[in-house]
Amino acid sequence: MKKIWVDADACPVVIKEILFRAAERTQTEMTLVANQPVRVPPSRFIKSLQVSSGFDVADNEIVKRCEAGDLVITSDIPLAAEVIDKGGDALNPRGERYSKANIRALLNMRDFMDTMRASGVHTGGPPALSQSDRKAFADQLDKWLAATRRKS
């Protein structure tokens, strides 16, 4: 059975709640990986893994542990790229599915925005998570869970 890995340090609480319900409903093993303690509901399917703090420590742990076909929830595009290279699936909290078809363009845009910020251009942060973002996330998660069920 495929697993879900969550880059939990930056994952919004509302998205975690959607994930908790889905993991329990579908009996899918899920692990939240973070640099600090993460509260998870009592469940035999849901675990948290605290890693030491440091740049990319949680990301590296997720890449090390995830296997082909697993799903990683992250808004970190370089992490998503590594997961895809390893044969996994990646989904961001706004419901955007990362894929081989779009990950290079997303990495290029991320690098471009980093360069802009480094040169002093104020680019602002992402907008708040909307109700339609939550629905898009839940829909993509359900699609992945259904496809995983069909394969097993």
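Residues are numbered from 1 along each chain as its sequence is written, and side-chain values use heavy atoms, with hydrogens and water left out. Because the model is predicted, local features need pLDDT of at least 70 and side-chain atom pairs count only at pLDDT 80 or more, while totals for chains, interfaces and linings use all residues.

Me: What makes α1 roughly parallel to α5?
Reply: The axes of helix α1 (residues 13-26) and helix α5 (residues 131-151) cross at roughly 25 degrees and come within 11 Å. Angles under 35 degrees count as roughly parallel, over 145 as roughly antiparallel, 65 to 115 as roughly perpendicular and the rest as oblique. So α1 is roughly parallel to α5.

Me: How are those angles defined?
Reply: Axes are lines fitted to C-alpha atoms, for helices over the stretch in contact, and angles run from 0 to 180 degrees between N-to-C directions. The helices (H or I, at least four residues) and strands (E, at least two) are DSSP runs, numbered from the N terminus.

Me: What makes α3 roughly antiparallel to α4?
Reply: Helix α3 packs against helix α4 (residues 103-118) at about 155 degrees, with the axes 10 Å apart. That angle makes α3 roughly antiparallel to α4.

Me: Which residues meet where α3 and α4 touch?
Reply: Among them are Ile 77, Pro 78 and Ala 80 in α3, and Ile 103, Arg 104 and Leu 106 in α4. Contact means heavy atoms within 4.5 Å. The residues of this contact divide into 8 nonpolar, no polar and 3 charged. Here Ala, Val, Leu, Ile, Met, Phe, Trp, Tyr, Cys and Pro count as nonpolar, Asp, Glu, Lys and Arg as charged, and the others, Gly among them, as polar.

Me: Why is the pair Glu 29 and Lys 47 called a salt bridge?
Reply: A salt bridge is a side-chain nitrogen of Lys or Arg within 4 Å of a carboxyl oxygen of Asp or Glu. For Glu 29 and Lys 47 the N to O distance is 3.2 Å, so the pair qualifies. Glu 29 lies in the loop between α1 and β2 (30-34) and Lys 47 in strand β3 (residues 46-50), so the pair ties together parts 18 residues apart in sequence. The whole structure holds 9 salt bridges.

Me: Where does Asp 76 lie, and what is Asp 76 in contact with?
Reply: Asp 76 lies in the loop between β4 (71-73) and α3 (77-85). Leaving aside neighbours within four places in sequence, Asp 76 is in contact with Asp 7, Asp 56 and Asp 59.
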